[in-house]
Amino acid sequence: MARRASLDVYKKTGIKPDQIDVVELHDCFSTNELILYEILGLCPPGKGGEAVDKGVFDYGGRCVVCPSGGLLSKGHPIGASGLAQCAELCWQLRGMAEKRQVKDAKIAL
């Protein structure tokens, strides 16, 4: 479902995964985060672990994933954590994320 949805969004917007600057994803478990990297096209299938090891999703990498600290850093309160992720992306795109700011963030997912 997530793969189909992401492909639909990429098609409708003309944006490709390698153009995304900052991502907040449903990182309820470490394994879910790795799976979503691949499903969203942020890395090739089976390469999520390698991408993490190479720092692809860290500051200074290709795109920053969960600069807010992710769901678990908030205790993952249902509903509230998703809204917090939306707020984080708005702050990133507005340049208001303070110490978490991704430099020149223009496209968020």
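Helices (H or I, at least four residues) and strands (E, at least two) are DSSP runs, numbered from the N terminus. This is a predicted model, where local features need pLDDT of at least 70 and side-chain atom pairs count only at pLDDT 80 or more, while totals for chains, interfaces and linings use all residues. Residues are numbered from 1 along each chain as its sequence is written, and side-chain values use heavy atoms, with hydrogens and water left out.

Reader: Happy to start with a glycine: in which loop is the place of Gly61?

Author: Good place to begin! Gly61 counts as partly exposed, at 30% relative accessibility (buried is under 20% relative accessible area, exposed over 50%, partly exposed in between, with a 1.4 Å probe and protein chains only). Setting aside neighbours within four places in sequence, Gly61 is in contact (heavy atoms within 4.5 Å) with Gly55 and Val56. Its place is in the loop between helix 3 and strand 2.

Reader: Which residues of helix 2 are buried?

Author: Helix 2 covers residues 30-39. Among what covers its buried residues are helix 1 (2-13), helix 3 (48-53) and strand 2 (64-65). The buried residues themselves are Glu33, Leu36 and Tyr37.

Reader: Within what arc do those buried residues fall, seen down the axis of helix 2?

Author: The arc is that of the directions from the helix axis to the C-beta atoms. The buried residues of helix 2 line one face of the helix, because they fall within an arc of 110 degrees.

Reader: Now the rings, please: why does the aromatic pair of Tyr37 and Phe57 count as stacked or tilted?

Author: The structure holds one aromatic pair. Rings of Phe, Tyr and Trp (its six-membered ring) pair if their centres lie within 6.5 Å, and planes under 30 degrees apart count as stacked, over 60 as edge-to-face and the rest as tilted. For Tyr37 and Phe57 the centres are 3.9 Å apart and the planes are at 25 degrees, so the pair is stacked.

Reader: How many residues apart in sequence are the parts that this pair ties together?

Author: Tyr37 is buried, with a relative accessible area of 3%, and Phe57 is buried too, at 4%. Tyr37 lies in helix 2 and Phe57 in the loop between helix 3 and strand 2, so the pair ties together parts whose separation in sequence is 20 residues.
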